[in-house]
Amino acid sequence: MSNGFAAPAIGFAISVALVAVLFGIVVAARRGQRTPTDFYLGGRRIGAGQNALALFASFILLSTMVTMTGHIALNGFDAFIFASGFAVSWLVALLIFAAPLRNAGGCTIGDVFAMRAGERSARTASLVVTLLLFGTYFIVMMNAVGIVAAVMFDVDSRVVQAVVVAAAGLIATLFVVIGGMLGTTRVLVVKAILVIAILAALTVVVLAKYQLNLAQLLDDAQARALPHPGGYDLLEPGREFSEGSPVVHLSKLFAVLVGHAGLPYMFMRYFTASSGRDARRSAGWAGMMFVPFYLCTAVLGLGAVALLGGQNIGMTPPTRDITMTRLADLLGGPWAVGALGAVALLIVTGVLAALLISAVTSATRDLRVLRRVQEAPAAELRAARRNTVVIGIAAVVVSVALLPLPTHALIPITVDLGGVVLPAVLYSLFWRRFNTAGLRWTVFGGIAVTGILFLFSGLLSGTPVALFPGFDIHLIDIDPALVAVPLTFLMGYLGTISSRERDDAGFAELQVRAFTGAGEPARQDHSAGPDLAKEPARADQTPSEAR
């Protein structure tokens, strides 16, 4: 069914121009690629400002901007409280592990795990959790491309949507193959700048229409919002949180808080920083960007209700994505809608590239250690690019095949799996007693618990937003993270104390590196010679012996 606000011709023209510019940027980034470290981490030469923009862009999804604007327009105060959970989750990264992770060094979380556990267990845990999260998140992001095509480009045909989705995935794959981490970072920087620009422009126009009178804007939003069956006003609590048990809503906020902080593709951004201090500054600056970002989404959401009326926005959760597009059409006409569509595609494509470089780094580096393969840097670089093509194309094929399913239901489980990673990282950095058994119990036990809870949750079946809404085996309504994350911490503790393994020397070394920066990997200096591959440790070595 055609909509009257899409501007497909303008959006397509802007998208093509944007892709051409970005290809020029990633080609330029390739010129400095001489070693595997250059490909994986940009040679650890990415400054705090650029890394902060890339961190901010990595966190911005279609759901955190377009969908959240519609959510605020529909549920007002409750939706804004939920949005604040994303911003608060950033404090976990800033205050706890941004600088220690960078100082500890490595390319993947497997390098951090390997400082506290046996090499084989550490690399297996890193590989499994990274690829599992990559698979679920990539599928969700590709589904988001289909939503953009339908809402902002007026594409109704499933075949054409599949073509657009496949094209976005392949473009992201090319970005990574050509530009590596540095090219991906620059794509994310462009994404951040454009997101900030279009949000700021729309917000300024909304405020200008009210002559900066926020009180009048709020009054109009309150008056024109659709009445709630429970009688709750738009600007008071209850429109969303009054429905169902409070524990259900608490579980969703908890999942957002702990899950986003533990996603492996976000960890990699700390490894790219030029120093631990820059990693901490990057996280801090990125966190400061989220405050005005969510304030803008609040103004746009409430402005949409005030200017369009409650009957002309997305009136149900499945239609929330049209709200921001309709507001853009009212404020700036087809050019604003076309620009928003192009930026929405870039929002998704940038995250796809970030996810892919994380998966490729783990698949290449961690598998290399597991297979006890010692390669020259040039051979490892070729293997990384080859793995990018294989993993990228495979992910695109699977994602296109799953387009008919409502795979947005995988968003919560992906975030929940991030909550499984968080205990393993915190134990590795801060608990002296942590060991190989503890790592196994934490990661694999956490994945198992999360999977079982997901199987019997409303995310898989029995609800309108489930992956398979047609049948019902769900027993719980809460987000699995509320139970799975505390159990993961508990299993990590029990697994650790059940083993006699202990490596106080390895922990002491990690503490010195993580909190002083002594021995941290330096920025890649090509004048010093090639980036020689480190010989893989034996699988039976303790962490301190491996060093």
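Analyst: Happy to! A helix here is a DSSP run of H or I with at least four residues, numbered from the N terminus. This is a predicted model. One such run is helix H17, residues 481-497, and Thr488 is found in it.

User: Why is Thr488 called buried?

Analyst: Buried means under 20% relative accessible area. Thr488 has 0% relative accessibility, so it counts as buried.

User: Which residues is Thr488 in contact with, leaving aside neighbours within four places in sequence?

Analyst: Those are Val420, Pro423, Thr442 and Gly446. Contact here means heavy atoms within 4.5 Å.

User: What makes a set of residues a nonpolar core?

Analyst: The residues must be buried, belong to a listed group that includes Met, Phe and Tyr, and be joined through side-chain atoms within 4.5 Å. The largest such core has 160 residues, with Met65, Phe97 and Tyr270 having the most contacts inside it. Helix H13 (residues 322-370) gives the most to this core, 24 residues. A second, separate core has eight residues, including Leu22 and Phe175.

User: What lines the largest cavity?

Analyst: Among the lining residues are Thr130, Phe134, Tyr265 and Ser358. Helix H7 gives the most, with four residues. The cavity's volume is about 60 Å³.

User: How many residues of that lining are nonpolar, polar or charged?

Analyst: Seven are nonpolar, two are polar and none is charged.

Definitions and conventions:
Residues are numbered from 1 along each chain as its sequence is written. This is a predicted model: local features need pLDDT of at least 70, side-chain atom pairs count only at pLDDT 80 or more; totals for chains, interfaces and linings use all residues. Side-chain values use heavy atoms; hydrogens and water are left out. Buried means under 20% relative accessible area, exposed over 50%, partly exposed in between (1.4 Å probe, protein chains only). Helices (H or I, at least four residues) and strands (E, at least two) are DSSP runs, numbered from the N terminus. On a 1 Å grid over the protein atoms alone, a cavity is a set of points where a 1.4 Å probe fits but cannot get out, and a pocket is an open set with protein on both sides within 12 Å along at least five of seven lines; lining residues have an atom within 4 Å of a point. Grid points are joined across faces, edges and corners, and a volume is the space filled by probe spheres set on the points. Ala, Val, Leu, Ile, Met, Phe, Trp, Tyr, Cys and Pro count as nonpolar, Asp, Glu, Lys and Arg as charged, and the others, Gly among them, as polar.
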